[in-house]
Amino acid sequence: MSLFSPDYTFCAYFHVTPSFLKEQGISTLLLDIDNTLAVHGGPPPQKTLELFAQLRALGMKVCVLSNNKEPRVR
């Protein structure tokens, strides 16, 4: 398989469970904000906040990326 071909695909980020990530040996996630974790310019939905809490509870690191301005990323 090519280096840049996915091993798994999911319809939405919230279909990727923390237990699946742990089973795959993944300890760090890089995630985009706008149109991935939240609607562009809008607040993150509750399920996103719950996912982040679950990831933190498992000791996983999450880095939020964006080409938006710093206040949005913060």
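This is a predicted model: local features need pLDDT of at least 70, side-chain atom pairs count only at pLDDT 80 or more; totals for chains, interfaces and linings use all residues.

Q: What box do the C-alpha atoms fill, and what share of the residues is buried?

A: Taken along the principal axes, the C-alpha atoms fill a box of roughly 35 × 30 × 20 Å. Of the 74 residues in the chain, 23% are buried.

Q: Which residues of E1 are on the covered face, and which on the uncovered one?

A: Leu29 and Leu31 make up the covered face of E1, while Thr28, Leu30 and Asp32 make up the uncovered one.

Q: Next, charges. How many salt bridges does the count come to?

A: The general idea is that side chains of opposite charge can pair when their charged atoms come close. In this model the count comes to one salt bridge. Its partners are Arg72 and Asp34, with the closest N and O atoms 2.7 Å apart.

Q: Are Arg72 and Asp34 buried or exposed?

A: Compare each relative accessible area with the cut-offs: under 20% is buried, over 50% is exposed, and in between is partly exposed. Arg72 has 21%, so it is partly exposed. Asp34 has 10%, so it counts as buried.

Q: Where is Asn35 found, and what is its phi?

A: Asn35 is found in the loop between E1 and H2. Its phi is near 65 degrees, a positive value in a residue other than glycine. With a relative accessibility of 62%, Asn35 counts as exposed because the cut-off is over 50%.

Q: What about Gly59: where is its place?

A: Gly59 is in the loop between H2 and E2. Its relative accessible area is 54%, which means it is exposed. For a sense of distance, Gly59 and Arg74 are 15 residues apart in sequence and 21 Å apart in space, C-alpha to C-alpha.

Q: Last one, pockets. What is the volume of the largest pocket, and which residues line it?

A: The volume is about 180 Å³. The lining includes Ile33, Leu37, Pro44, Thr48, Phe52, Val64 and Arg72. Helix H2 (46-57) and helix H3 (70-73) are the elements that give two or more residues to this lining. By class, it has nine nonpolar, one polar and two charged residues.

Q: Thr48 is in that lining. Is Thr48 buried or exposed?

A: Thr48 lies in helix H2. Its relative accessible area is 3%, so Thr48 is buried. From Thr48 to Phe10 there are 38 residues in sequence and 16 Å in space, C-alpha to C-alpha.

Conventions
Residues are numbered from 1 along each chain as its sequence is written. Side-chain values use heavy atoms; hydrogens and water are left out. On a 1 Å grid over the protein atoms alone, a cavity is a set of points where a 1.4 Å probe fits but cannot get out, and a pocket is an open set with protein on both sides within 12 Å along at least five of seven lines; lining residues have an atom within 4 Å of a point. Grid points are joined across faces, edges and corners, and a volume is the space filled by probe spheres set on the points. Helices (H or I, at least four residues) and strands (E, at least two) are DSSP runs, numbered from the N terminus. Ala, Val, Leu, Ile, Met, Phe, Trp, Tyr, Cys and Pro count as nonpolar, Asp, Glu, Lys and Arg as charged, and the others, Gly among them, as polar. A salt bridge is a side-chain nitrogen of Lys or Arg within 4 Å of a carboxyl oxygen of Asp or Glu. Buried means under 20% relative accessible area, exposed over 50%, partly exposed in between (1.4 Å probe, protein chains only).
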